[in-house]
Amino acid sequence: MSVMRTMIWLTLALSLESGSVLADAAEPPRGSQLRLDLLEAIRPHAEYDLWAPVEFRVIEMLADGDVAFARLMAQRPGGVEIDMARTAMVEWRYEDPGNFDGPRFEVFFVRRDGQWQVVQYALGATDAWWSGNRCDVFGSLLREYGC
């Protein structure tokens, strides 16, 4: 193989590994139906853990076809901070509020039969558990996190 061809293949391989060539994932725009659908899919889980009402501030959200990933900060309407000590997960399920890094969610979604579903999420994780998680399914969304 020629030196030029080798350099092209190496450049392509490095680009694929870094995600710069196959970047199909995109952030759903504010106000889009996709963004709303994803937030509504996680809302029942958030309300179960934190009690209603819950709003979300999007830290990161990516979608690619029928898969999506989001990092969200939950808050009360108007941007009021949630007191983790006064949530269902603490008051009813006796979780230690010191075990959580605030009301932040990391969420994996899949779309089945036209409906977005939460397939895995964590609340207040103290580590990057999602990094490199299920690269076979969510790899296009997690290139910056080890896929």
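Q: What makes S1-S2-S3-S4 the strand order of an open sheet?
A: The four strands of this predicted model pair antiparallel in the order S1-S2-S3-S4, where strands are DSSP runs (E, at least two residues; helices are H or I, at least four), numbered from the N terminus. Pairing takes at least two DSSP bridges between two strands. S1 and strand S2 (residues 67-75) are joined by nine bridges, so they count as paired.

Q: Why are S1 and S4 called edge strands?
A: Strand S1 (55-64) and strand S4 (115-123) each pair on one side only.

Q: How do you know that H2 packs on the sheet?
A: H2 touches S1, S2, strand S3 (104-112) and S4, with contact meaning heavy atoms within 4.5 Å.

Q: Why is Asp49 called buried?
A: Asp49 has 6% relative accessibility, so it counts as buried: the cut-off is under 20% relative accessible area, with over 50% exposed and partly exposed in between (1.4 Å probe, protein chains only). Asp49 is in helix H2 (residues 33-50), and its contacts, leaving out residues up to four places away in sequence, include Arg93 and Tyr121.

A note on the source: residues are numbered from 1 along each chain as its sequence is written. In this predicted model, local features need pLDDT of at least 70, side-chain atom pairs count only at pLDDT 80 or more, totals for chains, interfaces and linings use all residues, and side-chain values use heavy atoms, leaving out hydrogens and water.

Definitions and conventions: Axes are lines fitted to C-alpha atoms, for helices over the stretch in contact, and angles run from 0 to 180 degrees between N-to-C directions.
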